[in-house]
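I open these notes with the model on screen and write down what I look up, entry by entry.

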Amino acid sequence: MSELEKMEAELVQLTKQLAEFLSLAPTERSIPGFAKIWRPISRYRVQLRTALQDHGSILSDPRYRDAKGSEIQQRVGYNAAHTRLRLWPRIEDMVNRQITPEAKHLMPQPTEYMDGAHNRFVNHIYAALHTLALPSAEAMLNLISDAHPDIALPATHFEALVHAAYRICLAQGRTTPPRFLDVGCGGGTKIWAALPYFPDASGLENNPTQVQVGAAAMAKLNAPAGCIMEADARRFFDYSSYDVIYFYQPLKDLDGLREMEDQILEQARPGTILIAPYAAFSAAEGDLRCSRIAPSIYVAGLAPSQTEKLCARAEMIGTDAPEHSNSFDAALGYWRPVVDASRRNGYTL
Ligand SMILES: C[S@@+](CC[C@H](N)C(=O)[O-])C[C@H]1O[C@@H](n2cnc3c(N)ncnc32)[C@H](O)[C@@H]1O
């Protein structure tokens, strides 16, 4: 084992302690507690830099290369060690933000996600994507009469909702990746938009023409195969398989809408997050089957007092958007426990 490898192996033990510290409830974390763990870690920084320089010179020596595997392998390992060293300031910043975090509301004010040039630009682009995934006007003549055809929730409003749902999922400490469902998904563009937060996302739609056009659009985007299911939301019997259920008033007819809402509320498992961004949602108030955690967001099967506690925990979760990169993760080495613990707290690099 080289000096570099030895140091990196020692560091893993220390970064595991840091990950344990980050896994404490925010109220139990303290600046002195952090300093005690961080000090021994930071001593390695200069030593690692020196060891990397030495290692770099050894790598240029052909005798060493021949004795220790291919040059490419050696270079890959060396570059990964360099990446880890370069991550140091970003790791420090990410960890610092978690020592004494402040509560942040689950949903921002509507002006924050709807107003301003950037939001308007994103919504303008999204509107085009939505239109491209709709059937032609001719094909739309087949539309089922009580459906709401082409009204899409603006992308920036949707992003605020899924981000809040993601933070709630983190606060729930789920052990498996949450499954997201868009009920009445049209062309599937909200499935696509949900993927960065919920890689296991799908939708159901009862208009066969829309299913066909949407599925073709999703296939072009390389969305998960079969992510649009053809089904009637009022007669769908698998709502209990999902952890986050989004429904944006797919039916015009209020009786049909109630039927769909009842199916969802009766089947959803306790703790399921329901996103219902419309005024006519029948369970918005005083329905024992769910309680409101944030504007347009509800939790199934929880009493209001339990939802309040969950909300307090979720508001302490960081607001960084999740990141998924297998190649980046593979190079994290001794930082991996810290990055994983931070992701569970809602913080990323
Ligand atoms: C208002 S669009 C919503 C699109 C997308 N979910 C969004 O939020 O942007 C409603 C969609 O629900 C579909 N829909 C209407 N009734 C339905 C039903 N009973 N079951 C499944 N989908 C339905 C419509 O065909 C339409 O594509």
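**Helix pair**

I began with two helices, α1 and α15, which are roughly parallel to each other, a term that covers angles under 35 degrees, while over 145 counts as roughly antiparallel, 65 to 115 as roughly perpendicular and the rest as oblique. The axes of α1 (residues 3–22) and α15 (residues 336–344) come within 8 Å and cross at roughly 10°; such axes are lines fitted to C-alpha atoms, for helices over the stretch in contact, and angles run from 0 to 180 degrees between N-to-C directions. I noted that Thr 15, Lys 16, Leu 18, Ala 19 and Leu 22 in α1 meet Pro 337, Val 338, Ala 341 and Ser 342 in α15, where contact means heavy atoms within 4.5 Å. By class, this contact has 6 nonpolar, 2 polar and 1 charged residues, with Ala, Val, Leu, Ile, Met, Phe, Trp, Tyr, Cys and Pro counted as nonpolar, Asp, Glu, Lys and Arg as charged, and the others, Gly among them, as polar.

**What the model is**

I remind myself that this is a predicted model, in which local features need pLDDT of at least 70 and side-chain atom pairs count only at pLDDT 80 or more, while totals for chains, interfaces and linings use all residues. Residues are numbered from 1 along each chain as its sequence is written, and side-chain values use heavy atoms, with hydrogens and water left out.

**Whole chain**

I find 15 helices and 7 strands in the chain; helices (H or I, at least four residues) and strands (E, at least two) are DSSP runs, numbered from the N terminus. The chain is divided into domain 1 (3–101 + 331–344) and domain 2 (110–315), with bounds from an automatic or database domain assignment, and the C-alpha centres of the two lie 40 Å apart. Buried residues make up 48% of the 349 residues, where buried means under 20% relative accessible area, exposed over 50% and partly exposed in between (1.4 Å probe, protein chains only).

**The sheet**

In what order do the strands of the open sheet run? I read β3-β2-β1-β4-β5-β7-β6, 7 strands with mixed pairing, two strands being paired if DSSP finds at least two bridges between them. The edge strands are β3 (228–230) and β6 (290–294), each pairing on one side only. Strand β2 (residues 200–205) pairs in the parallel sense with β3 over 3 bridges and with β1 over 5 bridges. Within β2, Leu 204 stands opposite Met 229 in β3, and Val 183 stands opposite Leu 204. I also see that 5 of the 6 residues of β2 are buried.

Helix α13 (residues 304–315) packs on the sheet, touching β6 and β7 (297–300), and its direction makes about 25° with that of β6. In α13 I looked up Thr 307, which is buried, with a relative accessible area of 1%. Leaving aside its neighbours within four places in sequence, Thr 307 is in contact with Ser 291, Arg 292, Ile 293, Val 299 and Leu 302.

**Two loop residues**

Most residues other than glycine have a negative phi. Asn 222, in the loop between α11 (208–220) and β3, has a positive phi near 65°. Is Asn 222 buried or exposed? I find that Asn 222 is exposed, with a relative accessible area of 69%. Gln 249, in the loop between β4 and α12, has a positive phi near 40°, and Gln 249 is buried, with a relative accessible area of 19%.
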